[in-house]
Amino acid sequence: MEFLSFVIFLILATALGLILMFISNLLGQKKKTVRKNDIYESGVNPVGSATRQYDIKFFLTAILFLLFDVEIVFLLPWAIAYNNATNTGFLIAGFVFFMAVLLVGYIFVINSKALKWEE
Amino acid sequence: MLEAIIEIIIKTAVIMAFPLGALPLIIHVERRGAAFIQKRVGPNRVGPFGLLQPLADVAKFMFKEEVHPSHVRPFFYSAAPLIALVVALLPLACIPIMGPFQFFDRTVYPEVFRSDMGIFFAFAASALGSYGILLAGWASNNKYTMLGALRACAQMVSYELSLSTAVVAMIFIFGTNDIHLMVDWQTGYWFGFIPKWGVFVQPVAAMLFLVGIFAESNRLPFDLAEGESEIVAGYHLEYSSMKFAIFFMAEYVHMIALSALFIIMFFGGYSVLPGLDLIPLSNPFILPLLQVTSLTIKIALMIWFFVWVRWTFPRFRYDQLMNLGWERLLPLGIVNLIITVLFVYFRNQ
C-alpha cells in the first residue's frame with residue numbers, strides 16, 4: 001500500500017512534467033533556421049567538440065564523495081540503534097574506532113592534495 | 001481499495017499544488033525583493049504591484065518556439081528536464097505539512113508516502129537532483145553546459161557530505177527517523193519561552209545544513225553552475241521555452257523541499273509557532289490548520305532568507321567553494337558529530 005502511493009505520486013509527477021513539455025511544443029511556433037541549429041558559443045563559430053578532456057579533479061571529487069558518503073550513511077542506522085541500545089559503551093567504542101578510520105582517510109586525502117584546485 | 005487510491009491522489013494533488021501554486025508568488029517575491037534591496041522599482045506594470053508578471057512570463061514561455069538543435073543527444077535532451085522536475089518533487093512525497101489528524105472516524109496521515117524511513121527517502125530523493133543537471137549538461141553537447149553540469153555536480157556532492165553529518169547529529173539527538181516523532185520532540189518550550197527547536201540544541205549542525213542547502217539548490221553565493229560571466233548560463237544553456245522553464249521550476253521546488261527538511265530538523269517542522277498556539281482549539285480542525293499556517297510561514301521566511309542572501313553575498317571562486325566544502329565544513333561536521341556523541345554518552349553515565 002505504501003509502495004502504491006509512491007508509484008501514484010511518481011506517475012502524477014511525470015504526467016505533470018510531460019504535459020508542461022507538451023504544451024509549449026503544441027503552442028509554440030516552429031521555424032527552423034541554420035543559426036538556431038548552431039551550438040551556442042557566445043556567437044562565434046564553435047571550436048572543437050564538447051566531449052573534450054576535463055579536469056581529473058571532478059572525477060576525484062566524485063570518487064571521494066562516494067567513499068565518505070557511504071561511511072556517513074553507515075552512521076545513520078547507528079544513531080538510531082544507539083538510542084534503543086542497553087550496552088552503549090560498546091557502541092561508543094565502535095563509533096570512535098570508525099571515526100578514527102574515517103579521519104585517517106581524510107587526512108591522507110588532504111595531504112596528497114587530491115582536492116587542491118588552485119595551481 | 002478505490003477509496004485508498006482516491007485518498008492518495010488527493011494528497012498528491014495537494015502536496016504538488018502547494019509548491020507549484022506558490023511558485024509564481026516566490027518568483028515575484030524574489031524579483032521585488034531584489035529590487036527592494038538594490039533600491040530599484042522591480043516589475044510593477046502587470047496587475048496590481050506587478051503580481052500578474054509571473055503569470056505573464058509563464059504564458060510567454062508557453063508560446064515560445066521550442067528549439068531542438070540537431071547537435072544534442074535527443075532522448076536525454078528531452079528526458080533531462082523531466083527528470084529534474086520529478087526528482088525535485090519526490091522529496092515532497094514524504095514531507096508532512098501537518099500532524100496526523102482525526103477525519104471523522106479514522107486517523108489521516110498527511111504525507112503521500114507514509115513510511116518511518118521518510119526522512120531518509122526525502123534526503124535520498126533530493127540528492128538525486130544532480131542527475132537532471134548532469135544529464136542536461138551532457139546531452140546538450142556544448143562546452144558551456146558540460147562545464148556547468150560538472151561544476152554543479154562536484155559542488156552538490158561536496159556539500160552533501162557536511163549536510164549528511166548534520167543530519168546524523170540531529171537523528172542521534174532525536175533518536176528516531178519518524179518525522180512526526182521529530183516534530184513531537186520539538187513541540188513545547190524550555191523555561192516556558194524558548195521553543196524546543198533543534199537549532200538551539202545543535203547550532204553548528206544547523207549552520208552546516210543551511211550552507212548545504214544553498215549549495216544543493218545552486219543558489220547564490222554558490223551558483224557556480226550558472227556563473228554568467230564565465231559559462232553564460234550553465235547546464236540549461238541549450239534549452240528553450242517550457243523546457244527551460246521546467247529547470248527553473250525544479251530549482252525552486254528543490255529549494256522549497258530542502259527548506260521544509262531544514263525546518264523539520266531545526267525549526268520544529270509543522271509545530272505551531274509561538275503566539276499562534278494561544279488560539280483555543282475549540283474545533284478538531286483548528287490544530288491542522290494552525291500547523292499548515294505555521295509551516296507555510298516558516299517556509300516563506302526561509303525563501304525570503306534565500307533572496308536576502310542572494311543579494312548580500314558575492315559569488316565564490318570555484319577553488320574557494322571546494323576548499324570551504326572539503327577542508328572547512330566537512331571536518332567541522334565530523335568534529336561536531338564526535339563532540340555531540342561523546343557529550344551525550346558521558347552525560348548519561
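Predicted model: local features only at pLDDT ≥ 70, side-chain atom pairs only at ≥ 80, totals over all residues.
Reader: What pLDDT does chain A average?
Author: The average for chain A is 83, and 98% of the residues score at least 70; pLDDT is the predictor's confidence in each residue, from 0 to 100.

Reader: How many helices and strands are there in chain B?
Author: Chain B has 13 helices and four strands. These are DSSP runs, numbered from the N terminus (helices: H or I, at least four residues; strands: E, at least two).

Reader: Why is chain B as compact as a globular protein of that length?
Author: Its radius of gyration is 21 Å, close to the 20 Å that the globule rule gives for 349 residues, so chain B is as compact as a globular protein of that length. The radius is taken over C-alpha atoms, and the rule is 2.2 Å times the number of residues to the power 0.38.

Reader: How much of chain B is buried?
Author: Of its 349 residues, 49% count as buried, meaning that 20 or more other C-beta atoms, placed from the backbone, lie within 10 Å of the residue's own.

Reader: Which residues have the most contacts inside the largest nonpolar core?
Author: They are B:Ala84, B:Ala149, B:Phe209 and B:Ile246, in a core of 121 residues. Helix 6 (residues 143-174) of chain B gives the largest share of this core, 22 residues. Such a core is a set of buried Ala, Val, Leu, Ile, Met, Phe, Trp, Tyr and Cys residues joined through C-beta atoms within 7 Å.

Reader: Moving on, how many residues of chain B are in contact with chain A?
Author: There are 61, in contact with 53 residues of chain A; contact requires C-beta atoms, placed from the backbone, within 7 Å. Helix 6 of chain B supplies the largest share of the chain B side, 13 residues.

Reader: Which residues are buried in helix 2 of chain B?
Author: B:Gln53, B:Pro54 and B:Phe61 are buried there.

Reader: What covers them?
Author: The cover of the buried residues of helix 2 of chain B includes helix 1 of chain A, together with helix 1 and helix 11 of chain B.

Notes: Residues numbered from 1 in each chain as written. Chains lettered and ligands numbered in written order. Buried ≥ 20, exposed ≤ 12 C-beta atoms within 10 Å, placed from the backbone. Contact = placed C-beta atoms within 7 Å.
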